[in-house]
Amino acid sequence: KNMTSARPCRKNDEIISCRICFDFFLLLSPNNTMRSLFFVCLALLFVSAMCDDVATTGNQRTQQQSTGSGQVLPGSPDADTTYVFSDVDEEEGFYPGSVSHVVLGFKNQGQRPYGFTGIGGSLYYYMDSSYVLENYTAIKYDVTIQPGEEFSFTYPFRLHPMLSEGQYGLRFTALYRDEFNTYASTFFNETIHVLEPHRELHIQDIFQFGLIIVVLGLAVFGIVKYVGSGRKQKYSNKAVTEHSSEDWLKGTGVEKHLKDKKRN
């Protein structure tokens, strides 16, 4: 109460101080341009002070709202919950990007009927449960469970496809109510292991791999053929050159001289 009553006084003091400074500057500065600049600066300071006060008030209201809505709903001692993952081996781990299902078994062991309202889930940093990474879509139900009855509810969820391998905290909470109170029972809250994403081999992938292999084979075949043809062409040109250089000397004295030189 003291802080709330002190704020208007402090705000009024700031306005009075700014007004006095402004009047004093008008007396000292005959230049209209300087007066305008000073007025703009003074207006900016005033707006800044008002925004700061509004932000402070908004933060306090937000804190009050979060404190009021941050109450954790208790679970009823007459509600018995069990769970099972229908398509995932909990000890092996979870694959990101795949849709998984958790089945909740809910039994009413009390004397009053429960109205089962929904199931929600979230993924969080396993060393700090308040650091939530993913919130999964809550599924709403409208089922009345009489005393002694037991129902099962299936809740689908999907880990993000880009989730990296490692340990995470996973929890699921059931919401229900009776004629007096609303309850929340967290039926699963454990550290899970997220595996590397597995990629299924499709027919399109097989065709792509086959096409890559064929292209590489043709490229290697073309290179080998080009290199081999270049060598054959070189040797054939050399033989033609040597053969043609001696043909035109037949029947001359130079041919006889060369033959005698080769014999010696």
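In the predicted model, aspartate 178 counts as buried, because its relative accessibility of 9% falls under the 20% limit set for that class. This residue takes part in a salt bridge with arginine 112, in which the closest N and O atoms are 3.4 Å apart. A search of the whole structure finds 1 salt bridge. The two partners come from distant parts of the chain, 66 residues apart, with arginine 112 placed in the loop between β2 (99-108) and β3 (114-125) and aspartate 178 in the loop between β6 (166-177) and β7. In contrast to the buried aspartate 178, arginine 112 counts as partly exposed, at 36% relative accessibility.

Aromatic contacts were examined next. The structure holds 24 aromatic pairs, one of which is formed by tyrosine 83 and phenylalanine 188. A pair of aromatic rings is described by the distance of the centres and the angle of the planes. For tyrosine 83 and phenylalanine 188, the ring centres are 5.0 Å apart and the planes stand at 70°, so the pair is classed as edge-to-face. Because tyrosine 83 belongs to strand β1 (residues 79-85) and phenylalanine 188 to strand β7 (residues 182-194), this pair ties together parts that are 105 residues apart in sequence. With regard to accessibility, phenylalanine 188 is buried, its relative accessible area being 1%, whereas tyrosine 83, at 33% relative accessibility, counts as partly exposed. Both residues also belong to a cluster linked by ring pairs, which contains Tyr83, Phe85, Phe94, Tyr136, Tyr155, Phe157, Phe172, Phe187 and Phe188.

Strand β1, which carries tyrosine 83, is also part of an open sheet of 3 strands, arranged in the order β1-β2-β5 with antiparallel pairing. From one strand to the next, the twist averages 25°.

Key: Residues numbered from 1 in each chain as written. Predicted model: local features only at pLDDT ≥ 70, side-chain atom pairs only at ≥ 80, totals over all residues. Heavy atoms only, no water. Phe/Tyr/Trp six-rings, centres within 6.5 Å; stacked < 30°, edge-to-face > 60°. Helix = DSSP H or I, 4+ residues; strand = E, 2+ residues; numbered from the N terminus. Buried < 20%, exposed > 50% of the residue type's maximum accessible area, 1.4 Å probe, protein only. Salt bridge = Lys/Arg side-chain N within 4 Å of Asp/Glu carboxyl O. Pairing = 2+ DSSP bridges. Axes fitted to C-alpha atoms, helices over the stretch in contact; angles between N-to-C directions.
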